[in-house]
Each structure stands twice: as structure tokens, then as C-alpha cells.
Amino acid sequence: MIMPSANRLRLVNSSGELRPFSSDELCLNILRSFLSAGLREESWVAEDLALAVEYTLERGNRESGIYSDSELNAMVVKVLEQTGYPEVATRFSTDSNVAVVKIQPTRETLRPILRRHLAVKPETADKLAEKTIRACGLLGFDAITPVLAVEMARALYERIEQAMPEPAQTQSVRGSTPYLISPEELLEALPDFSKQMIEDGSLTVYGVSRMFPSLRIKCNYEQLALELGLEPPITEMMLLPALDRVARAIDEVVLITEKKSGNASLPLILELERPDDFAETWLDIYGESGIEALAPLTNSLIDMLEHSPFKII
């Protein structure tokens, strides 16, 4: 199954409801904050920041893969501040604020909230509830918001595996170009084989992002089919002979990029060219998303790669 990060990560809101994490939704929220702050020209940061947050959460050590909305928002605000966008961070923080009622800190009220938001066992939730109640008593709190209760309990929780992962170290990107290594620079450094695959249109290389140092490569299945002299409709098996060349070219690009950037573990993002159109026109598959329809084909490509992608889009 492709796109493991999107399937594993989940968010829990203030009501305890779970939903899948969506980098697209997060990207739109960040983009709105940039536009509200009057920074349309630098809104390119939004997509890279959303991917950076997703990558950090996916690589975190929380086995459940569950994070609260407040944790997610706090990470976004922190990265925005680190990268030189304090006004966008303020806007995002304001837009993401959710008004909640206060509750009395009792075992009955805290226990279910802590279980949902911290993904802990019942006995652990009981211990954390008791500690939180004592802390509220020492502070003179007769009533607190559920969010504050969760944050207090988290501060009291000593198990390192439940800690929120820290975002990667970032530096200010304000006023910078989107790339650490531009597509043109990268293309110039590539061997003839992978360069030819790009020039033929089978692959597109986007360079290395400055906000989220990563490599994005787009694969065009339709161009591969045309190069093989195929006509629609086809089966996935008919395209398999071309995947070996694609995998070789992608691995070459990754190796050269890692060497040129000095980063031996760049996250790879694999993008598919118009997957919905290809699934319908060439594979005669309707009624499901292109990404899902192309999963068998894309999984075959991933199996051939030495460098597995972090995300398929």
C-alpha cells in the first residue's frame, strides 16, 4: 500500500474525534495565513512546510501515530517563527484557535480526555488524571479547559516514547528562492541516462526545496507507454518493462542530489503525472482515485528502487 504516512497519521480534535492527517488540508490552512498576512509572493513556503511537518510526524517515535490538533498547530507555529515568518505564525495561531468550555478537573472528566488525546492505556490515564488533579489544586484551578488539562498531563508524563517529535532545524528562508539546488543545476550534474529520461518527458525533477530539504520527482506513465509504442487500453503488466529504466534513473538522480547537497538522507517525494486521467484513459479504471488505481504499478516501481519514497502524490 503506497502513501504509508497518510494512512498511519491521525489527528484528534478537542471533542476526541479522530480523522486522517491531510497534508493538503494543512497546506491550505498555512496558505490562507500567508495570504492574510499579505505575503502572497512567498506563499510557496506553505506546501513545503506542510510536507516538512508530515515528515517529522511520520518519523516521530509515537507508535500510535495520533497527534492532537494543538500539537500540530504548535509545530507549525514554531517552524514559521524559525523560518522568519512571525506574522504568519501569529495569523495561523489565531485562525487555528478553537474556543472550548471549561471543565472541573475530576477523575471522571479527565480520564476519557487523556485517553483520547494522549493515546495511553486506561491505567496510565488514571495515574495522569490524579497527577493533573493535584497540580490543579496546587495552582488553585477550580476549572480548566480540556486543552490545558491535556498539556498539563503531557508535561507530567515521563515516558519518552510519547514525546512530540521536534521539527528539523530550520533557518530563515524569507525572501529566498524556493530551491537549495535548482532543477537546472541538478539537470546539469546528472549522467546522460537519467538526463535523457528527463529530456524525453518520462521524468521531471523539481530540485531540492529550501524550506523542506527534499527531492521531488514526477513520473509520467503515459509518456512511458507512448515510448513503448502502446495504445490504450493496456494492463499494468504491459508497462513493467519500462519501470526498470525509470527506477535506474530515479536512483541516479537521488545519488547525485545527495552528493551535491551534502545530505545523504534526503526525503524522496514521488509525484505521478495526472494519475486520474491515466487510470481512466489507459487502464480503463473508473470509480476510484488515480493514486489507488495505479497502486500495483507504482508498488512495482518502488520495489525496484534503492531509495524508497517518503510520499506518493
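Aspartate 284 is partly exposed, with a relative accessible area of 48%. This comes from a predicted model. Aspartate 284 lies in the loop between α13 and α14 (290-293). Its phi is near 60°, a positive value in a residue other than glycine.

Arginine 274 also has a positive phi, near 40°. The loop that holds arginine 274 runs between β7 (268-272) and α13 (275-281). Arginine 274 is partly exposed too, at 42% relative accessible area. Most residues other than glycine have a negative phi, and most peptide bonds are trans. The bond from proline 232 to proline 233 is cis, with omega near 0°. Proline 233 sits in the loop between α11 (221-227) and α12 (236-261).

## Overall build

The protein chain has 15 helices and 8 strands. Of its 313 residues, 47% are buried. Take the contacts with a separation of 6 or more: 70% of them join residues 24 or more positions apart.

The protein chain exposes about 15,600 Å². Carbon and sulfur atoms supply 51% of that area.

## Nonpolar cores

In soluble globular proteins, nonpolar side chains tend to be buried together. Here, the largest nonpolar core has 42 residues. Leu203, Tyr221 and Ile250 have the most contacts inside it. Helix α12 gives the largest share of this core, 9 residues.

What does leucine 203 touch, not counting residues up to four places away in sequence? Its partners include Ile217, Lys218 and Cys219. Met197 and Ile198 are also among them, as are Val246, Ala249 and Ile250.

## Aromatic pairs

A search of the whole structure finds 5 aromatic pairs. One joins phenylalanine 34 and tyrosine 85, with ring centres 5.0 Å apart. Their planes meet at 65°, so the pair is edge-to-face. Phenylalanine 34 lies in helix α2 (residues 23-36), and tyrosine 85 in the loop between α4 (69-82) and α5 (86-96). The pair therefore ties together parts that are 51 residues apart in sequence. Phenylalanine 34 is buried, at 0% relative accessible area. Tyrosine 85 is buried as well, also at 0%.

Tyrosine 55 and phenylalanine 212 form a tilted pair. Their centres are 5.5 Å apart, with 50° between the planes. Tyrosine 55 belongs to helix α3 (residues 45-58), while phenylalanine 212 lies in the loop between β5 (203-209) and β6 (215-219). This pair therefore links parts that are 157 residues apart in sequence. Phenylalanine 212 is buried, at 6%. Ring pairs link Tyr55, Phe212 and Phe310 into a cluster.

## Charges over rings

The charged end of arginine 248 sits over the ring of phenylalanine 193, 3.7 Å from the ring centre. The charged end of arginine 216 sits over the ring of tyrosine 206, at 5.9 Å from the centre.

Conventions: Residues numbered from 1 in each chain as written. Predicted model: local features only at pLDDT ≥ 70, side-chain atom pairs only at ≥ 80, totals over all residues. Heavy atoms only, no water. Helix = DSSP H or I, 4+ residues; strand = E, 2+ residues; numbered from the N terminus. Buried < 20%, exposed > 50% of the residue type's maximum accessible area, 1.4 Å probe, protein only. Contact = heavy atoms within 4.5 Å. Areas by Shrake-Rupley, 256 points an atom, 1.4 Å probe, with all protein chains shown as cover. Core = buried A, V, L, I, M, F, W, Y, C linked by side-chain atoms within 4.5 Å. Phe/Tyr/Trp six-rings, centres within 6.5 Å; stacked < 30°, edge-to-face > 60°. Lys NZ or Arg CZ within 6 Å of the ring centre and 35° of its normal.
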